[in-house]
Structures are given as C-alpha cells and as structure tokens.
Amino acid sequence: MKKWIFIVLAGIMMTTVSFTGISASVQAAEEKVPAPAEKSLTDAQKAELESMHKDVLQREKDIIHKYVDYGVMTKETGDMILEHMDKRFEKVKENGYVPPRHFGKLPHPHQKPEPRTND
C-alpha cells in the first residue's frame, strides 16, 4: 500500500514539475530578449586574443601537417584545409576578435518557426 501511495505522489510531483517547466519556457519564448550591446575590446585585449588565436591556429596547422605526413589525407586536401583556416583567422581578425552575434536573426533549431501572416 505504501508503495502505491509513493508512486501516485511521485507521479503528481512529476506532472507538476513538467507543467511548471513548460509554462516557464513558453513565457521565456514570448518575452523577446534584446540583443546585447556591441562590445569593443581595448588594444591590450585584442593583442592578447590575437596571440591566443595564433597559437591555436598554429597547433591546428601542425595537426593537419601530421595527418598529411601519416597519409591520412592528401597534400591537396591538407592545403585546402590550411587555406580555409587562414581565411577564417583573417575574418576573426577583421571582426576585432569579437565573436559574431546572431541574436534574433536565426531561429533556434529546436523551436518551431512562427507562422507567417500576410499583413
């Protein structure tokens, strides 16, 4: 008898928690959060981030070179990847080492798109 009471109470608690979570997520979805203000970095911060990005880029390039040396990929494929990595680094540098902001531009992959109206 105690086991059944426990199961019923656990079910009621789980139902309550799930409905509370659903209403909170619906409420959060309805409230549009404004995008954060654009931030700019100081020259010292940019220099530190540039150094870190260069270190990461060099390590990734070393890994690609090892793949080519071990025969895992062809030299042409390795060169293509290295070229793409250099372009990506230049784009990061052009953006001042601040990651791009996509808030409000793209829907979340798990959200259903809102129906379009012909207004």
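Okay, let's start with a definition: buried here means under 20% relative accessible area, exposed is over 50%, and partly exposed is what falls in between, with a 1.4 Å probe and protein chains only. With that in hand, the buried residues of α2 are Leu57, Lys61 and Ile64. They pack against α3, with contact meaning heavy atoms within 4.5 Å.

A word on what you're looking at. This is a predicted model, where local features need pLDDT of at least 70 and side-chain atom pairs count only at pLDDT 80 or more, while totals for chains, interfaces and linings use all residues. Residues are numbered from 1 along each chain as its sequence is written, and side-chain values use heavy atoms, with hydrogens and water left out.

So, the overall picture. We have three helices and zero strands, running α-α-α from the N terminus. Helices are DSSP runs of H or I with at least four residues, strands are E runs of at least two, and numbering goes from the N terminus. Of the 119 residues, 9% count as buried. The accessible surface is about 11100 Å², and 62% of that belongs to carbon and sulfur atoms; areas come from Shrake-Rupley with a 1.4 Å probe, and for residues only the protein chains shown count as cover. Among contacts with a separation of 6 or more, 65% are between residues 24 or more positions apart.

Back to α2. It has 27 residues and spans 38 Å from first C-alpha to last, close to the expected 39 Å, which is 1.5 Å times one less than the number of residues. Just after α2, Gly71 takes a positive phi of about 80°.

Now, which residues make up the largest nonpolar core? They are Leu57, Ile64, Met73, Leu82, Met85, Phe89 and Tyr97. The elements giving two or more residues to this core are α2 (43-69) and α3 (75-94), and α3 gives the most, with three. For the record, a nonpolar core is a set of buried Ala, Val, Leu, Ile, Met, Phe, Trp, Tyr and Cys residues joined through side-chain atoms within 4.5 Å. Have a look at Met73: leaving out residues up to four places away in sequence, Met73 touches Ile64, Tyr67, Val68, Gly78 and Ile81.

On to charges. There are six salt bridges in the whole structure, each a side-chain nitrogen of Lys or Arg within 4 Å of a carboxyl oxygen of Asp or Glu. One of them joins Lys93 and Glu50 at 3.8 Å, N to O. That pair links distant parts of the chain, with Lys93 in α3 and Glu50 in α2, 43 residues apart. Lys93 is partly exposed at 37%, and so is Glu50, at 21%.

Within α3, Lys75 bridges to Asp79 at 3.4 Å, four residues along, about one turn of the helix. Lys75 is exposed at 52%, whereas Asp79 is partly exposed at 37%. Glu83 and Lys87 also pair up, at 3.4 Å.

Last stop, the surface of α1 (residues 2-30), where Leu9 sits. Ile5, Val8, Leu9 and Ile12 form a nonpolar patch with about 370 Å² of accessible area together. Patches take residues with over 30% relative accessible area and no salt bridge, joining like charges within 9 Å and nonpolar side chains (Val, Leu, Ile, Met, Phe, Trp, Tyr) within 5 Å. Leu9 itself is partly exposed, at 48%.
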